[in-house]
Amino acid sequence: MGAALLSDPDKIECILSTLVKGICKPVTCKIRILPSLEDTISLVKRIEKTGVAAIAVHGRKKEERPQHPVHCEVIKAISEAVSIPVIANGGSHDFIKEYTDIEAFQQAAGASSVMIARAAMWNPSIFRREGLCPLKEVMQEYIKYAVRYDNHYTNTKYCLCQMLREQLETTEGKKLHAAQSTQEICEVFEMGGFYEETTAILEAKKASLKAKTQDEDEQMEDTDVIKMAVRFDKREYPPQITPKMYLLEWCRKAKHPQPVYETVQRPLDKLFCSVVTVAEQKYRSTLWDKSKKLAEQAAAIVCLRTLGLPEGKLNEGENHLINKRKRENQEFLNNKEHEDDLLVEASHKRAHFTEGASDSSSSEVPR
């Protein structure tokens, strides 16, 4: 997947140069090594010239798998060939079994630092200076996080299987493999009580948030607000044309103050609802939206439909805002052409004046 770019150095250089020039954060990249050391060194030097802050190197070729040895000598040659930091990766199988092994891999690769993937999945306490924690303790702590943050059981199960590795064929491993819910996973590791207690607390919090949301909904139920169940779907409108634009245009023509939008977010599901005030009347959609912008567009639609005004949809026929934009664009182009003509005329006059001055100057030069 990512290694496919290795066969297109020009594209690598283009992507990295664009990123470095376009954003203010440090840009880094990660590669595998190429079949030859010479080609690998050539590539990393091109990468360095793009201005990246560091380069991570997985010391295996594209076709090599985790069971193949990591090529520390190639990472070391890369480190010596460039001046930017080189991050060594790929040492989990051959080198890294505990914290002290991280430094050994770093020194073997001559790198500035180390990136760890599989060894960290097998036991996240690999980063603990004092040494590894017992695996069962690590797994139980991980399960607690998974329950508290409602992690999907399939992902939890996958990560735990990565930790068990060769123990998957044990009775505990087989039970984990058969588990079909977070609760069943907890029961495998004798944590059924923790699951029930934690889920009860989470359900109580959820009920509290729901009650709070209902209170906020009731606060939104202002009898003076005109409501309608609508949503804004940008596919139904021409590019760059929205109901908010139409409402603003109508308010200007009718000499009303411009629309005022008040938007709230519901804590439980993070959805938005907006109320728009036009000519001292409030309008809103009864449907909550996933963004503030969508909620405001929906409120504008309610107002426009209530007042019997066009909202700019594609099926409404001729769109006066589009025509207005076309006229403005044409006027801009006409003005630009006129300015260009004036500039050309002025440059011709200057050129003619310069030629005349040169002729007169040369005729006055004494012989």
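**Strands, helices and the terms that describe them**

Visitor: In E4, which residue is the bridge partner of Asn89?

Guide: The bridge partner of Asn89 in E4 is Met115. This is a predicted model, in which local features need pLDDT of at least 70 and side-chain atom pairs count only at pLDDT 80 or more, whereas totals for chains, interfaces and linings use all residues. Residues are numbered from 1 along each chain as its sequence is written, and side-chain values use heavy atoms, with hydrogens and water left out.

Visitor: What makes E1 and E4 edge strands?

Guide: The open sheet has four strands in the order E1-E2-E3-E4, with parallel pairing. Strand E1 (28-33) and strand E4 (113-115) each have a single partner strand, so one side of each lacks a neighbour in the sheet. Neighbouring strands here are turned by 30 degrees against each other on average, direction ignored. Helix H2 (residues 37-49) packs on this sheet, touching E1 and strand E2 (54-61), and its direction makes about 175 degrees with that of E1; touching rests on contact (heavy atoms within 4.5 Å).

Visitor: Why are H6 and H7 described as they are, in terms of direction?

Guide: The axes of helix H6 (residues 135-148) and helix H7 (residues 153-164) come within 11 Å and cross at roughly 170 degrees, which makes H6 roughly antiparallel to H7. Axes are lines fitted to C-alpha atoms, for helices over the stretch in contact, and angles run from 0 to 180 degrees between N-to-C directions; those under 35 degrees count as roughly parallel, over 145 as roughly antiparallel, 65 to 115 as roughly perpendicular and the rest as oblique.

Visitor: Which residues of H6 and H7 meet, and of what kinds are they?

Guide: Those in H6 include Leu135, Met139 and Ile143, and those in H7 include Asn155, Cys159 and Leu164. The residues of this contact divide into 10 nonpolar, two polar and no charged, where Ala, Val, Leu, Ile, Met, Phe, Trp, Tyr, Cys and Pro count as nonpolar, Asp, Glu, Lys and Arg as charged, and the others, Gly among them, as polar.

Visitor: What makes E6 and E7 partners, and what lies between them?

Guide: Strand E6 (residues 260-265) and strand E7 (residues 272-278) pair in the antiparallel sense over six bridges, and Thr263 has Ser274 as its bridge partner in E7. They form a hairpin with six residues between them, and Lys270 in the turn has a positive phi of about 65 degrees. On its way through the sheet, E7 also pairs with strand E8 (residues 281-285) in the antiparallel sense, over four bridges.

Note on methods
Two strands pair if DSSP finds at least two bridges between them. Helices (H or I, at least four residues) and strands (E, at least two) are DSSP runs, numbered from the N terminus.
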